[in-house]
Amino acid sequence: MLKLAGCILLMMGCIGLGMKKTAEEKRRIRELREIRRMIQRIQNEIVYGKRALPEICLLFGQCMEEPYRSAFSSIFQRLEDNEGCTIAHIWQEEMGACMRDLPLQEEEKEILCTLPSHQGILDNAMQAVDVGQSLDVLTEHISHAQAEYENKAKVIMSISFMTGMFLIILLL
């Protein structure tokens, strides 16, 4: 009876680990969509609102969801304190810290971290084009992740189930 309980718990643990990895992939897609929505809003604020990036940070620091809200507030506060750093440097530090625990690939994090690298351009249209290029790359990542998700989920669950079966056979 004790062996049966151990086998069931071992199998449930392996399947639970597989479910956790699958949920992590789903969260990655959700975070990518949130970043895309944020970049689209930045682009709209630049083009239609005629706002500069520090003003956008103040606005987003009040209306975005965490962890981005605190990052935007921090960026605006550091720009107000005038520490002598460029906006691109401050943005990269704060967004990097903000996205440290998110289940995103490094390349996907870099899309948002390097967003203000061309903000020195005075023409709003050119700034919007640069932001739009980041948006295109991010959209490609989202479509690729969505296409892979179903197959990855099946593979992860199959491997976790087979691992559980292997461990049960090994320990019996």
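1. Lysine 50 counts as exposed because its relative accessibility is 58%; the scale here is buried under 20% relative accessible area, exposed over 50%, and partly exposed in between, with a 1.4 Å probe and protein chains only. This lysine sits in the loop between H1 and H2. Its phi is positive, at about 55°, although lysine 50 is not a glycine. Helices here are DSSP runs of H or I with at least four residues, numbered from the N terminus.

2. A word on the basis of all this: the model is predicted, so local features need pLDDT of at least 70 and side-chain atom pairs count only at pLDDT 80 or more, while totals for chains, interfaces and linings use all residues. Residues are numbered from 1 along each chain as its sequence is written, and side-chain values use heavy atoms, with hydrogens and water left out.

3. The other loop to look at is the one between H2 and H3, where proline 67 is placed. The peptide bond leading from glutamate 66 into proline 67 is cis, with omega near 5°.

4. On either side of that loop, how do the helices meet? The axes of H2 (residues 53–63) and H3 (residues 68–81) come within 7 Å and cross at roughly 140°. This makes H2 oblique to H3. Axes are lines fitted to C-alpha atoms, for helices over the stretch in contact, and angles run from 0 to 180 degrees between N-to-C directions. Angles under 35 degrees count as roughly parallel, over 145 as roughly antiparallel, 65 to 115 as roughly perpendicular, and the rest as oblique. The H2 and H3 crossing is left-handed, a label used if the near helix is turned anticlockwise from the far one by less than a right angle, with right-handed used if clockwise.

5. Which residues make the meeting of H2 and H3? From H2 come Pro54, Cys57, Leu58, Phe60, Gly61 and Gln62, and from H3 come Arg69, Phe72, Ser73, Ile75, Phe76 and Leu79; contact means heavy atoms within 4.5 Å. By class there are eight nonpolar, three polar and one charged residues in the contact of H2 with H3. Ala, Val, Leu, Ile, Met, Phe, Trp, Tyr, Cys and Pro count as nonpolar, Asp, Glu, Lys and Arg as charged, and the others, Gly among them, as polar. Serine 74 also belongs to H3 and is partly exposed, with a relative accessible area of 26%. Its C-alpha atom is separated by 8.7 Å from that of cysteine 57, 17 residues apart along the chain.

6. H1 packs against H2 at an angle of about 130°, with axes 11 Å apart, which makes H1 oblique to H2. Their crossing is right-handed. Met38, Arg41, Ile42, Glu45 and Ile46 of H1 make the contact with Leu53, Ile56, Leu59, Phe60 and Cys63 of H2. That contact of H1 with H2 has eight nonpolar, no polar and two charged residues.

7. H1 also packs with H5, at an angle of about 20° and with axes 11 Å apart. That makes H1 roughly parallel to H5. H1 passes H5 in a left-handed crossing. Arg28, Leu32, Ile35, Met38 and Ile39 of H1 make the contact with Glu108, Ile111 and Leu112 of H5.

8. What holds the most contacts inside the largest nonpolar core? Ile35, Ile39, Tyr68, Phe72, Trp91, Met99 and Leu112 do, in a core of 36 residues; such a core is a set of buried Ala, Val, Leu, Ile, Met, Phe, Trp, Tyr and Cys residues joined through side-chain atoms within 4.5 Å. H1 (2–47), H2, H3, H4 (87–98), H5 (106–113) and H6 (124–171) each supply at least two residues of this core. Methionine 99 touches Ile35, Tyr68, Leu104, Lys109, Leu112 and Cys113, not counting residues up to four places away in sequence.

9. Methionine 11 lies in H1 and counts as buried, at 12% relative accessibility. Leaving aside neighbours within four places in sequence, methionine 11 is in contact with Phe161, Gly164, Met165 and Ile168. Alanine 23, also in H1, counts as partly exposed at 44% relative accessibility.
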